[in-house]
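Hi there,

Here is the structure I promised to pass on. Have a look at it first, and then read my notes below.

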Amino acid sequence: MNQNFNLPTPGEYVARQKTLVSISGAAPYFHDGSSGTAFLILHGWSASAESVRFLASGIAQAGHAVLAPTLPGHGSTTAEMVKVGPLEWNEAAREAAEILRVRFQSVVVLGVSMGGALALQLAATSPHLIDGIITVNAPVFLDNGSFASEIVTNASDPFLKGWSVPTFFGAAVDEISYPRRYKKSGADLYSMCAIARELLPHVTAPILVVQSVLDPVVPKASADEILLRSGASSKGVVWLERSYHVSQLDLDSDRIIEASLAFVAGHGLYPDI
C-alpha cells in the first residue's frame, strides 16, 4: 500500500459519484472490510451499482472491502449516457482502482457483462493497480448481426428498438436499467468489446472467467476467447448452468460469490488467511 493523499477516500469518491446519479437506488456504494483485500465491482451496460448488489453483499460478508461505482452516464438518463463512452468508463474505473490500491494490500476487479470488458481493459492498461480479475458473462464480441445492423441503419431514429427484458432461470428479479437506449450507446458497447479483445494479450494478472452456458446475449465463445488469448499468469473458468445473462441476479449468484472467494484465497490475495 502506498499513501496518496491527492486521491479521495472511497467514501469521498462515492459521495461525489452520487451527485451524478438521479435514479433512486442506483447510487454507488462502498463497504469497508478487514481482510486487506478490496473488490472493485463493475456493472454492465445501461445498469448501475444496484445490479451487483447480491455479489457485493456476499463478498462483503466474507470480510472483504467492496467498491461498486455507477459508471458515468448510468443511473440517470439516456441523454446523459449518450454523452459518454469507453474513455469516461475507463477513467472512472481507473480512479476507483487507484483509490483502493493505496488503502488495501490486494485489489480484485470483478466485472459483470460490459463491466467484465472494462475489467479486462483496466487490467491490461494499468496492471500495477490490479492483482486479480474475475469476469462474469463478459463480451469481447457479441455475434449478433441483427443488433449491429440496427445500430447503423435508419439514422432518422436515434434509438434502438426496446431492449428485451432479461430472462431468468429462477424467479425474475428487478434491475434498474434504461428501458430506452441510443444507437450511439450501442456502438459504444461494441467499442468496449473490441477494445477488450485487442487488449487480451496484455492482461497478465490471474483471471477467473465465469460464463453462463445458456447466455443468449454473450456467447460462450466469448469466454473461450478470453481464456485462449489473454496473457494471464493463471487462468480458470467456471461454467454456470442455472442462469442466463444476468447470472448475478439469478440462481447462480451464490456460485459466483463462492467462486470469487475461492479465487482470492487460491491466489494468495487474502492476506489474513
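How many bridges join β4 to β5? There are 5 of them, and the two strands run parallel. Before I go further, please keep in mind that this is a predicted model.

**The sheet**

Is β4 buried or exposed? Residues count as buried when their relative accessible area is under 20%, and 7 of the 7 residues of β4 are buried, so the strand is largely enclosed by the rest of the structure. In a regular strand the side chains alternate between the two faces of the sheet. For β4, one side carries S106, V108, L110 and V112, while V107, V109 and G111 are on the other. Both faces are covered, and all of these residues are buried.

Stepping back, the sheet is an open one of 7 strands with mixed pairing, and the order is β1-β3-β2-β4-β5-β6-β7. At its edges are β1 (29-31) and β7 (235-240), each of which pairs on one side only. From one strand to the next, the twist averages 15°.

β2 (residues 37-42) also pairs with β3 (residues 65-68), again in the parallel sense, over 3 bridges. Here L40 has L67 in β3 as its bridge partner. Helix α2 (residues 53-61) packs on the sheet and touches β1, β2, β3 and β4 (106-112). The direction of α2 makes about 175° with that of β2.

**Helices around α5**

Helix α5 (residues 114-125) packs with two helices that I looked at, so let me take them in turn.

With α7 (residues 183-199), α5 packs at an angle of about 40°, and the axes are 9 Å apart. The two helices are therefore oblique to each other, and their crossing is left-handed. On the α5 side, the residues that meet α7 are M114, A117, L118, L120, Q121, A124 and T125. They face L189, M192, I195, A196 and L199 in α7.

With α4, the angle is about 65° and the axes are 10 Å apart. That makes α4 roughly perpendicular to α5. This time the crossing is right-handed. W89, N90, A93, R94 and A97 in α4 meet M114, L118, Q121, L122 and T125 in α5.

R101 is also worth a look, as it is found in α4 (residues 86-101). What does the side chain of R101 join up with? It makes a polar contact of 2.9 Å with the side chain of D131. R101 is buried, because its relative accessible area is 16%, and the cut-off for that is under 20%.

In helix α8 (residues 220-229), the buried residues are S222, A223, E225, I226 and L227. Among the elements that cover them are α5, β5, α7, β6 (207-212) and β7.

V140 sits in the loop between β5 (132-136) and α6 (145-151), and counts as buried because its relative accessibility is 0%. From C-alpha to C-alpha, V140 and S243 are 20 Å apart in space, and in sequence they are 103 residues apart.

Where does H245 lie? It is in the loop between β7 and α9 (253-266). With a relative accessible area of 15%, H245 is buried as well. Not counting residues up to four places away in sequence, H245 touches S113, N137, D215, P216, V217 and V218.

Happy browsing, and do write back with any questions.

Best wishes

Methods: Residues numbered from 1 in each chain as written. Predicted model: local features only at pLDDT ≥ 70, side-chain atom pairs only at ≥ 80, totals over all residues. Heavy atoms only, no water. Helix = DSSP H or I, 4+ residues; strand = E, 2+ residues; numbered from the N terminus. Buried < 20%, exposed > 50% of the residue type's maximum accessible area, 1.4 Å probe, protein only. Polar contact = N/O pair within 3.5 Å; in protein donor to acceptor, adjacent residues only side chain to side chain. Pairing = 2+ DSSP bridges. Axes fitted to C-alpha atoms, helices over the stretch in contact; angles between N-to-C directions. Contact = heavy atoms within 4.5 Å. Parallel < 35°, antiparallel > 145°, perpendicular 65-115°, else oblique. Left-handed = near helix turned anticlockwise from the far one by under 90°.
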